[in-house]
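Hi there,

Here is the structure I promised to pass on to you.

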Amino acid sequence: MAEYLASIFGTEKDRVNCSFYFKIGACRHGDRCSRLHNKPTFSQTIVLQNIYQNPQNSAQSADVPNISDVEMQEHFDDFFAEVFTELEEKYGEIEEMNICDNLGDHLVGNVYIKFRYEEDAEKAVQALNNRWFNGQPIRAELSPVTDFREACCRQYEMGECTRGGFCNFMHLKPISRELRRELYGRRRRPGDKRGGRSRSRSRSPRDRNRRSRSRDRGGDRGGDRDRDRSRRDRSKEREKSRERSGRF
């Protein structure tokens with residue numbers, strides 16, 4: 001009997017524990033759910049609830065000029081980079097960060113951050129619950145989510161989700177390729193503070209081999225200088241944006 005209960009824990013067959021909370025760390029029923037929400041006492045992952053405000057959603061509900069897709073991506077990248085950089089510098093190495101693009105109250109604007117170490121996640125939750133963002137208090141807690149592939153809506157990833165923004169599974173908004181390379185490409189090397197190589201899945205062996213071959217050939221120095229200049233320009237723009245917003 002014990003083995004059977006363990007095998008169905010957090011699944012649809014579990015009549016005691018909420019499978020949605022177990023998979024995505026949130027439930028549309030909230031405290032009114034008839035099943036238990038087992039909040040973890042330790043986890044690598046934390047969630048910042050309803051912290052990201054999508055300008056396109058605000059424009060649809062108010063008399064605000066429409067925002068282009070390019071402007072929307074720039075706004076999202078700035079927000080993502082600001083939060084990622086701030087949390088990694090203050091609390092520890094981040095393996096993965098995801099932001100929900102859902103519209104349901106239990107998922108809208110949720111930011112999930114998976115740290116490499118559980119103690120870093122606990123430290124971040126304790127500190128962030130005493131801070132404010134965009135004029136509102138931050139609500140941070142440990143999350144049971146560790147595998148975002150199980151939490152994501154597969155139909156959304158294929159462009160086939162018929163539930164739209166009110167789907168009960170995560171619709172994760174992607175960042176630009178340039179920002180992904182910039183943030184996840186600066187993993188710590190052996191000999192740093194904690195040593196070892198990151199277990200992040202964001203960098204594939206193919207990418208590492210491609211970079212290695214480029215270094216062996218000497219690469220295009222002019223192209224490297226252009227990329228460095230572009231990266232510095234983006235960093236300056238983010239600093240200006242952060243000063244104007246007065247957020248983190």
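Below are some notes on what was found in it.

First, some ground rules. This is a predicted model, in which local features need pLDDT of at least 70 and side-chain atom pairs count only at pLDDT 80 or more, while totals for chains, interfaces and linings use all residues. Residues are numbered from 1 along each chain as its sequence is written, and side-chain values use heavy atoms, with hydrogens and water left out.

Let's start with confidence. The pLDDT is the predictor's confidence in each residue, from 0 to 100. For the protein chain the average is 77, and 65% of the residues score at least 70. In residues 189–208 the pLDDT is below 50, and this stretch has 27 contacts in the model beyond near neighbours in sequence; contact means heavy atoms within 4.5 Å. Residues 210–219 also have a pLDDT below 50, with two contacts beyond near neighbours in sequence. Where pLDDT is low, the predicted coordinates should not be read in detail.

Now the overall picture. The protein chain holds ten helices and six strands. These are DSSP runs numbered from the N terminus: helices are H or I with at least four residues, and strands are E with at least two. Of its 248 residues, 40% count as buried, where buried means under 20% relative accessible area, exposed means over 50%, and partly exposed is in between (1.4 Å probe, protein chains only). Among contacts between residues at least 6 apart in sequence, 64% join residues at least 24 apart.

Next, have a look at helix α4. With 23 residues, α4 reaches 32 Å from its first C-alpha to its last, close to the 33 Å expected at 1.5 Å a residue; the expected span is 1.5 Å times one less than the number of residues. Just after α4 comes Gly 92, with a positive phi of about 140°.

How do α4 and α8 pack? Helix α4 (residues 69–91) and helix α8 (residues 177–184) meet at an angle of about 10°, and their axes are 11 Å apart. Axes are lines fitted to C-alpha atoms, for helices over the stretch in contact, and angles run from 0 to 180 degrees between N-to-C directions. The two helices, α4 and α8, are therefore roughly parallel to each other (angles under 35 degrees count as roughly parallel, over 145 as roughly antiparallel, 65 to 115 as roughly perpendicular and the rest as oblique). On the α4 side, Asp 77, Phe 80, Ala 81, Phe 84 and Thr 85 meet Leu 179, Leu 183 and Tyr 184 of α8.

Finally, here are some loops to find. Asp 101 sits in the loop between β2 (94–99) and β3 (111–115) and is partly exposed, at 23% relative accessibility. Leaving aside neighbours within four places in sequence, Asp 101 is in contact with Asn 54, Tyr 156, His 171 and Lys 173. Asn 50, in the loop between β1 (45–48) and α3 (55–61), has a positive phi near 55°.

Enjoy exploring!
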